[in-house]
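Trainee: I would like to learn how to read a few features of a protein model. Please take them one at a time.

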Amino acid sequence: MHFTKRYVYLLIFMSMLFLTGSSSFSCSTGGGSNDKKPSGGDTEIRVKVGGQQKISADSGGFNGSLNSGDQFGSAVADLDDLDANGVRDLAVGAPFKDDGGNDRGAVWVLFMGSDGKVDQQQKIADDSGDFGGGLKDDDLFGSALAGIGDLDGDGAFDLAVGVPGDDKGGTDRGGVWILFLGADGKVQQKQKIADDSGGFGGGLKDDDRFGSAVADIGDVNADGIPDLAVGAPNDDDGAANAGAVWILFMKVDGTVATKQKISMDAGRLDGSLKADDHFGAALAGIGDLNNDGIPDLAVGIPGDDKDGTDRGGVLILFLDTEGKVLKKQKIANNTGGFGGLDDDDRFGSAVADIGDMNDDGISDLGVGAPNDDDAFTNAGAVWILMMNTDGKVGAWQQVSGSAGGFNGNLHADDYFGAALTGIGDMDNNGVPDMAAGAPGDDDGGADQGAVWILFMEERI
């Protein structure tokens with residue numbers, strides 16, 4: 001990837017401060033046997049990539065108009081079966097799309113076929129999809145995405161969209177748009193959550209970049225309405241850019257009823273962060289992992305320095321009904337049953353609940369490491385973590401240009417794994433599948449971006 005102002009700007013809040021550089025090397029196909037195994041516990045790796053389908057300017061039936069630098073695939077989200085055709089659909093962010101102005105951003109709703117190709121699409125942007133949200137230059141709409149179920153009860157799935165460059169109340173304080181969608185992927189209604197908007201009033205500060213990550217975390221306070229987690233990875237509580245997460249207890253109209261901040265200074269996180277960790281750069285609701293009746297949360301910390309600079313990590317947060325932390329478990333190099341990272345991998349730049357891959361009754365976790373150098377510099381990788389109920393890792397599998405059965409043609413600076421989502425069992429083989437963003441992919445032009453559909457299967 002050829003780094004420009006716009007990509008460095010994005011990475012401040014997405015996976016934070018990637019090293020600059022450029023390369024014209026191409027990657028050979030992968031599918032090697034570079035499987036990483038933990039020291040102790042169940043070391044059997046039970047799944048691999050059985051096939052893949054690329055969606056880009058040149059592939060997968062996608063007919064959207066992309067331009068160089070759009071970085072399609074910077075965010076991905078499962079939308080369930082929006083058009084009721086029996087196949088789950090996707091939302092994909094292109095935060096540097098210039099519709100209506102510079103870097104205002106866009107989101108594509110992709111109506112999928114079971115082969116992983118796009119049947120049709122609907123664009124949501126400043127001038128598309130009946131949005132009309134009044135975006136401004138450098139808002140970076142589409143930097144983060146989360147399907148949030150049917151919040152308003154109209155029968156159609158709804159969507160939360162991060163705008164970390166939003167200037168409501170001050171420069172780059174950030175925000176989130178709640179989009180109530182129709183079955184055609186267009187916006188029926190919308191609600192903005194930002195500094196002193198949408199009932200939030202969180203007291204954001206300049207450059208917090210609230211909305212860099214967003215996740216549906218289920219009904220934490222048991223009021224019958226799903227709640228949201230929103231990342232602010234440049235929050236300075238405790239240390240510069242240590243980061244923060246906001247738990248938003250929602251109303252059905254998309255406004256916030258109450259909130260709880262989790263940071264070095266709040267929510268009982270208890271001082272486990274350091275400067276430039278960027279806690280909150282990625283988020284995933286992971287269901288009730290410890291079976292206490294309260295949904296839990298995975299939080300990416302891609303700037304974590306365990307065993308080396310910017311190797312990255314993930315914190316599993318076991319929450320109470322107030323959105324505070326009851327206990328936590330860190331997953332990082334040689335921590336939490338995991339290992340195998342290198343400097344600047346930025347593991348934790350993306351996290352996703354990917355379903356129960358090994359059929360043990362526990363939902364498993366996908367984690368992106370977009371600066372992983374398997375195959376080529378910054379080609380990227382995805383880690384499949386087989387989880388235990390205590391938040392530790394029982395086994396893992398790396399998926400990259402040289403591991404995990406992946407036969408996609410990655411290149412240097414693709415940043416595969418910069419975004420992740422589980423998509424259910426799209427091919428009906430009994431193993432859940434995934435979608436992974438590669439925003440640095442150059443199909444059609446430099447940094448136009450791509451998404452890979454990964455069809456998973458059991459190892460024989």
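Trainee: How many bridges join strand β8 to β9, and do the two strands run parallel or antiparallel?

Mentor: Before that, note that this is a predicted model, in which local features need pLDDT of at least 70, side-chain atom pairs count only at pLDDT 80 or more, and totals for chains, interfaces and linings use all residues. Residues are numbered from 1 along each chain as its sequence is written, and side-chain values use heavy atoms, with hydrogens and water left out. Strands of a sheet pair through backbone hydrogen bonds, either parallel or antiparallel. A strand here is a DSSP run (E, at least two residues), numbered from the N terminus, and two strands pair if DSSP finds at least two bridges between them. In this model, β8 (residues 175–181) and β9 are joined by seven bridges and run antiparallel. One example is L179, whose bridge partner in β9 is K190.

Trainee: In what order do the strands of the open sheet lie?

Mentor: The order is β6-β7-β8-β9, four strands with antiparallel pairing. At the edges are β6 (144–147) and β9 (187–194), each of which pairs on one side only.

Trainee: Which residues lie nearest the centre of the largest pocket?

Mentor: A pocket is found on a 1 Å grid over the protein atoms alone, as an open set of points with protein on both sides within 12 Å along at least five of seven lines; lining residues have an atom within 4 Å of a point. A volume is the space filled by probe spheres set on the points, which are joined across faces, edges and corners. The largest pocket here has a volume of about 700 Å³. Its lining has 42 residues, and V76, L145, A352, L420 and T421 lie nearest the centre. Strand β18 gives the largest share of that lining, six residues.

Trainee: Is N67 buried, exposed or partly exposed, and why?

Mentor: Buried means under 20% relative accessible area, exposed over 50%, and partly exposed in between (1.4 Å probe, protein chains only). N67 counts as partly exposed because its relative accessible area is 43%. This residue is found in the loop between β1 (47–55) and β2 (75–78).

Trainee: Which residues is N67 in contact with, leaving aside its neighbours within four places in sequence?

Mentor: Contact means heavy atoms within 4.5 Å. Apart from those neighbours, N67 is in contact with K97 and Q448. The C-alpha atoms of N67 and A232, 165 residues apart along the chain, are separated by 28 Å.

Conventions
1 Å grid on protein atoms, 1.4 Å probe; cavity = no way out; pocket = protein on both sides within 12 Å on 5 of 7 lines; lining within 4 Å.
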